[in-house]
There are 2 protein chains.
Amino acid sequence: MKTSVRSRRDEKASSPTVLEVAKVAGVSVSTVSRILNGTARVSEAKRQAVEDAIAALDFEPNALAQSLKRGRSMTVGVLTQDVSSSYFTETLKGVEHALTDTGYAPLIASGHWNAEEEAHRVRLLIARRVDGIIILSGNLTSAQITQYSGQVPVVATGHRIEAPKAWAIELDNERGGVMATRHLLDLGHRRIAHIRGPEEHADAEQRFAGYRRALEEAGVQYDERLVVPGDFYETSGVLGVAELLARGAPFTAIFAANDQMAYGVRLALSRQGIRVPDDISLIGFDDLPGSLYTTPPLTTVRQPLFDMGRIAAGNLLRIIDGDPPEPFAPEVELVVRETTRRLR
Amino acid sequence: MKTSVRSRRDEKASSPTVLEVAKVAGVSVSTVSRILNGTARVSEAKRQAVEDAIAALDFEPNALAQSLKRGRSMTVGVLTQDVSSSYFTETLKGVEHALTDTGYAPLIASGHWNAEEEAHRVRLLIARRVDGIIILSGNLTSAQITQYSGQVPVVATGHRIEAPKAWAIELDNERGGVMATRHLLDLGHRRIAHIRGPEEHADAEQRFAGYRRALEEAGVQYDERLVVPGDFYETSGVLGVAELLARGAPFTAIFAANDQMAYGVRLALSRQGIRVPDDISLIGFDDLPGSLYTTPPLTTVRQPLFDMGRIAAGNLLRIIDGDPPEPFAPEVELVVRETTRRLR
DNA sequence: CTGTTAGCGCGTTCAT
DNA sequence: ATGAACGCGCTAACAG
């Protein structure tokens, strides 16, 4: 038995290629390719031979080579800020849902709320030739995002963008802020405290603006002693309560700019023996999954994160395919649960 | 002025290539490549010219082409089950941490606790020629994982694996189960209920085994009426409490097989007007970030998820580089907070 | 219907 | 020190 044509076979255990499949099946590489992609008719006999060879070699086409050749990587970059925050993972779940069975895979990168790092991550995504990028919140400016869209299709949340290959999804955060505050007002509260989000963060500023507007519309005097800073994480919720208590200005309700801070508030309050909602009413913002399971369940302003992720990804694919994005206006919604009650 | 050699330039706005950089800089492609990779000395003049050209064209090397050529994609696949569960995102955070500044990027895939889908996702990762795979929990068998390791380096959590290009990180779940139960026992509890995780899930089974062993060691009779099924999600925690109450067998404490179910338990209990820990003590398993902010904060058995992710990724890179993985034995740890108290 | 061949963008001998 | 040429694995004309 003469040594056959094979050269490097078990040298490096490298994966088989179309060429090897072709040889084993006794056909040319193009025939293999045709069968792989169903791009042209092939005789039944050869099809069978090729499929047998593929199975025998356990062949799996090299997606890298395919991408290089086709000019599409079938990958979309997703820029998040914090992979361990429900705010992002809920949206990510929507993205993942929309990508399922499309052949696209998400390549995720974290910017850690740092504009410089975010820009760096985006460059890396572009270097990897992702077919599009989804930017979930963060500190990049709309101008920067618009510029990126010159190189690759982009969709973003929390921005308003006008560009050919870009699309953004904007939530009316101010309206949400108004809803939260008005809910408290409707319940008879007049001394309403607010724990703000980071000042550089547009969403946070808008929610705060909504708070002020609702107060004003209700003819309630704005008291700056009732407003404390926060950073959107639980800790600042507990710190906020401490600060509020230290200031001594009375209040009967708290509007936290997001759910995570509300969790911190809840804990700090209970530490002080202050009951929710009996002594103090509490409302958050976002409606993270966990808010259903706090005790008592948290009243909040819902943001349809999953759908936002789903639509963002869906529209990115449309843009990539040259189709126009479908319009979508996410609605904030008041979700009344059990942390707020009428002032007696 | 004669039309120069350029053909497609502004036709498709496709990104510039080394060839274009070379032309602009008046050198050959190899020189450009050398400068890009610092793979050989180049005269200062040409280096400058090339760098200028790169800047002028806003050139970014095509990572796809580099990968194809080098035979390394600088990508590691991460198989998770549920991107929106803290259990996974905490681990993912550790993975991300370890990958930062290594040039590797994580390509994440979700198996949704379904062995068939998991296997499918792994195939896709392999097709994309990831340099290694991290498998976080799931329903794949150790045998399957061992087999994958023949094609690509693999590290997994929740398995015991012996293979050249594989490594696994195993937590002593039974010991954790014993710790949780014994803690309750030490507090004087004798009627301890348990909400189990899914039966197919090894971790869940081991925690349950630990529960039984601790009981036995303490000479407490095992009562099957005190054990109810669960699926690791919050809902089954509330269902579990309902079932327990319906069965009528008295109990003074509950050990939930994971924190998420404990959250559900906490809610169900409060709905029934049952106080924690005054009336019933509650302990979970995992120590998810949220457990610090439940009211009161949850007593639980800590699993070092972040470190497990960090070490898993670190060792995967070592295996890829041909280095031996560093040994690591994650320790479960009892974290006593405020949902458990001595039986009076 | 099928095979041959030319790239996709880059890294890397091999000469010079 | 530098350039020419080949090939990574695959798809897509272009002949037959």
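1. A polar contact is a pair of N or O atoms within 3.5 Å; within protein, one of the two must be able to donate a hydrogen and the other to accept it, and residues adjacent in sequence count only if both atoms are side-chain atoms. A polar side-chain atom of B:K69 lies 3.0 Å from a base nitrogen of DNA strand D.

2. The model is predicted: local features need pLDDT of at least 70, side-chain atom pairs count only at pLDDT 80 or more, and totals for chains, interfaces and linings use all residues. Residues are numbered from 1 along each chain as its sequence is written, chains are lettered from A and ligands numbered from 1 in the order in which they are written, and side-chain values use heavy atoms, with hydrogens and water left out.

3. DNA strand D is surrounded by 25 residues, and the closest are A:V18, B:T31, B:R34, B:S43 and B:K69. A residue is counted as near a strand if one of its heavy atoms lies within 4 Å of it.

4. Two further contacts to DNA strand D may be noted. The side chain of B:S30 places an N or O atom 3.2 Å from a base nitrogen, and a polar side-chain atom of A:Q66 is 2.9 Å from a phosphate oxygen. The elements that give two or more residues to this surface are α2 and α4 of chain A together with α2 and α4 of chain B. Helices (H or I, at least four residues) and strands (E, at least two) are DSSP runs, numbered from the N terminus.

5. Around DNA strand C there are also 25 residues, the closest being A:R34, A:R41, A:S43, A:K69 and B:V18. By class, the surface near DNA strand C has 7 nonpolar, 10 polar and 8 charged residues. Here Ala, Val, Leu, Ile, Met, Phe, Trp, Tyr, Cys and Pro count as nonpolar, Asp, Glu, Lys and Arg as charged, and the others, Gly among them, as polar.

6. Both bases and phosphates of DNA strand C are contacted. An N or O atom in the side chain of A:R34 is 2.4 Å from a base oxygen, while one in the side chain of A:K46 is 3.1 Å from a phosphate oxygen. B:V18 uses a backbone N or O atom, which lies 2.5 Å from a phosphate oxygen.

7. Helix α6 of chain B comprises residues 115–127; at 1.5 Å a residue, its 13 residues should span 18 Å, and its end C-alpha atoms are 18 Å apart, which agrees. The expected span is 1.5 Å times one less than the number of residues. Buried residues (under 20% relative accessible area, 1.4 Å probe, protein chains only; exposed is over 50%, partly exposed in between) include B:E118, B:R121 and B:L125 in this helix. The buried residues of α6(B) pack, by contact (heavy atoms within 4.5 Å), against elements including α4 (63–70) of chain A and β1 (75–80) of chain B.

8. In chain A, 4 strands form an open, parallel sheet in the order β7-β6-β8-β9. β7 (227–228) and β9 (281–283) stand at the edges, each with a single partner strand, so one side of each is left without a neighbour in the sheet. Two strands pair if DSSP finds at least two bridges between them; 2 bridges join β6 (residues 192–195) to β7(A), and A:I195 has A:V228 as its bridge partner.
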